[in-house]
Amino acid sequence: MKKLLLSTALAALMAVPAFAQSDEPKLGGNMIVTYKDDVATLDPAIGYDWQNWSMIKSVFDGLMDYEPGTTVLRPGLAESHTLSDDGLTYTFNLRQGVKFHNGRAMTANDVVYSLNRVVNPATQSPGQGFFSMIEGFDAAAAGEADGLSGVTAPDANTVVIKLSRPDATFLHIMALNFSFVVPKEVVEAEGADFGKKPVGTGAFKLTEWSLGQRLTFEKNPDYWISGVPYLDSFTVEVGQEPIVALLRAQNGEVDIPGDGIPPAKFVEVMNDPEQAALVVEGGQLHTGYVTMNVTAAPFDKVEVRRAVNMAINKDRIVQVINGRAVPATQPLPPTMPGYTKDYAGYAYDPEAAKKLLADAGFADGFETELFVMNTDPNPRIAQAIQQDLKAIGINAAIKSLAQANVIEAGGTGTAPMIWSGGMAWIADFPDPANFYGPILGCGGAVEGGWNWAKYCNEELDAKAAEADSIVDPARSDERLKMWSDIYMAVMEDAPWAPVFNEQRFTMKSARLGGDDALFVDPVSIPVNYDYVFIKE
Amino acid sequence: MPAYILRRLIQSALILLGVSFITFVLLYILPADPVRQIAGRSATAETVASIRSQLGLDKPFIVQYGTYLWNLLGGDLGRSYLQKTEVGALLVSRLPATLLLMVAAIFCELAIGLTLGMIAALYRGRPLDNVLMLGSFVSVSAPQFVVALLLLYVFAVKLGWFPIGGYGTFAHLVLPALTLGILGSGWYSRIMRSSMLDVLRADFIRTARAKGLNRTRVILAHVLPNAILPVIAMVGIDIGMFMSGIVVVESVFGWPGIGQLAWQAIQRVDIPIIMGVTLVSAFAIVLGNLLADLIAPLIDPRIRLR
């Protein structure tokens, strides 16, 4: 058994500078955040919107956690952990004295119950698939076994998790919302309503939920990190149009408009120095891309796909969305570990693109369809892409549909091209593996899968599996290099045309304090509620 | 009368059955898979199949529809696919807000529409009439989003007379009700104007004037009760219009009604919620029309219900 020192071992995975306090935190006060959509659920096994993601993080905890404002792993409910030499058995030592909001002490059995619950098909968790590396997953996920045979609790403070294959992403999975610890008796008493009456171990507890109006979270005085959270409470008001939320923020009634600055108001806000000073900009683990269905003509020819990559003027598309993004060169976003810094991507070159098309036998171009989600700014972006393609002779008809319809067309493989905006990949956890499996790997290239290009390169799949089997933190650079190579090979095959990486712009009230990194936290969107505070 | 009501109730039930069937068919043939929305982007084919079978979505259409109807008869609207909450509870939590807004908005529509319609009729052919009718034309064609934001900007943000959206007090109600009132008043003013013009030309009005009644009394006691009938029928139809148009106004003013609920559910193919909201809306329309028909004979004794 080798002891892992988390802080040093995982520092290599750092993508963002470590969190640093700029002001001395003050205790107390209430913060108001608004959203247009109602919050669907706060059940950590079910919630999978970017909106409820950070609320769930404040109500529940997992064995692992992240340094606030960064992608660096740190211990959560597990004080420490060890990994066996074969890389297959993790032993987590739980923190003592952690209590659920109902006052009961959290034990190892709760961890076992929570992991079994998320994998149980009756839970219908969208996160089930993340746990496939745990021993006994197949039987548990199929409902043939009571739980995961690989997850056991030898005593009240120890959880042992056996994997069926070494997996370097495992600790990230233990920091994912889906693995958060829930109290069995409350879940069983509430049944399906647990998502509206959540009880966790987190920094805040939900005290009020008026459907369609507001949710109030109050400080958990018994939280296991002393001194945290800083706020007494925060209120999430739902049903607010982004434009109205902005007006209210400008009027001092709202601290954070959760949906961000509406596109139509973006330039106006950023041109006003007073307002621009309240906007925090940060990277996001996001890539917007055009998929090309490699299984059907004409995109079965790599020359055609490369030509599309060269035809799209990414700088102009970034202008179309008022500079709220940076042009993308590859599938991974720049803030993701494993990103290849010295790769410039396909250069914008319509002439060379035309020549490639001619080489592929499409000197006169062809007709195709570009599917796009029908909310602004996506149709505008699709139009820009359409014009770029037209310049090299490709006539792409735009199919602007509701999100669910585009996803369906992508899954069934009936869409030759899809602009991913509005449905694009934002990483579940900050690891390069998360940008591959479901969207570029063979596993996702099935009927209904999210690999809309239907791209399947078995050689790369094998290499991805090999990279993820490197669990020794000392070899993490080697692993990241392998991932970098994988994405370079993907670019060579060009099933996607990566277009841009969205930047995040969070507007906050002047009275809010805390490091800027908290307001563009890569894992807690839009903000890490536990660590922000009110200055006056 | 009781026989009439009974017949109308049976008709209403049949209409609701038809609405439920058509909506169910449309959602069934929609090229979007609710199971994919539940299962998430990382789900395996097995997970998707398992969820599909748990929800009974792998069964033939007629079985799915039959099950839905059977549960509906038992008062069970099902659970939201994504929120996992009972649809009945979601509707109950939002319906009061929508009903309140609807009542307040109809009041505003009538207050604005009828007043302007009467003035236009009394000044028929004169510039004031033309201006009012042009105004009614503009009001019914104005986009809801624009009018709502304009009122919000002027009266809430700039003047600060009302809160910037929200729910709970009378002050919160004024702007959304006024928005809907202004937008809908055009229909009422036009109907009121033409209805009044008809009545003003009628013999009994000439008689009333001839026997020396003053103008105000003629209008209030004789013209109005006779001119108001088409307006009552209009209110019945209007309830249907509200159900379709209230989404935008609720959204701008952060009004927690069922319009918002429906909008979100449609985005995510949350079929139980879509069905629930559709049925409630259809019920409101049917009920509105029924009430309008029942009220009419109370105002005009010439109308008999058979």
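Visitor: Which residues touch the most other members of the largest nonpolar core?
Guide: Keep in mind that this is a predicted model. The largest nonpolar core holds 239 residues. The ones touching the most other members are V290(A), A307(A), V308(A), I385(A) and V532(A).

Visitor: Which element gives the largest share of this core?
Guide: In general, nonpolar side chains in soluble globular proteins tend to be buried together. Here the largest share is 14 residues, and it comes from helix 5 of chain B.

Visitor: What does V308(A) touch, if we skip residues up to four places away in sequence?
Guide: Take V308(A), one of the residues that touch the most other core members. With those sequence neighbours left out, its contacts are V290(A), M292(A), L389(A) and A497(A).

Visitor: How far apart are the end C-alpha atoms of helix 5 of chain B?
Guide: Helix 5 of chain B has 36 residues, so at 1.5 Å a residue it should span 52 Å. There's a bend of about 35 degrees at R94(B), with a proline, P96(B), following within four residues.

Visitor: Which helix of chain B gives the most to the side that touches chain A?
Guide: The contact takes 43 residues from chain B and 42 from chain A. On the chain B side, elements giving two or more residues include helix 2 (34-39), helix 5 (87-122) and helix 11 (229-252). The top contributor, with seven residues, is helix 3.

Visitor: What is the radius of gyration of chain A?
Guide: The C-alpha atoms of chain A fill a box of roughly 70 × 60 × 40 Å along the principal axes. For 536 residues, a compact globule would come out near 24 Å, and chain A agrees with that. Its radius of gyration is 23 Å.

Visitor: Is K84(B) buried or exposed?
Guide: K84(B) is not a glycine, yet it has a positive phi of about 65 degrees. It lies in the loop between helix 4 (61-73) and helix 5 of chain B. The cut-off for burial is 20 or more other C-beta atoms within 10 Å. K84(B) has 20 C-beta neighbours inside 10 Å, so it counts as buried.

Key. Residues are numbered from 1 along each chain as its sequence is written. Chains are lettered from A and ligands numbered from 1 in the order in which they are written. This is a predicted model: local features need pLDDT of at least 70, side-chain atom pairs count only at pLDDT 80 or more; totals for chains, interfaces and linings use all residues. Two residues are in contact if their C-beta atoms, placed from the backbone, lie within 7 Å. The expected span of a helix is 1.5 Å times one less than its number of residues. The bend at a residue is the angle between axes fitted to the seven residues ending there and the seven starting there. A nonpolar core is a set of buried Ala, Val, Leu, Ile, Met, Phe, Trp, Tyr and Cys residues joined through C-beta atoms within 7 Å. A residue is buried if 20 or more other C-beta atoms lie within 10 Å of its own, exposed if 12 or fewer, and partly exposed in between; C-beta atoms are placed from the backbone. The radius of gyration is taken over C-alpha atoms; the globule rule is 2.2 Å times the number of residues to the power 0.38.
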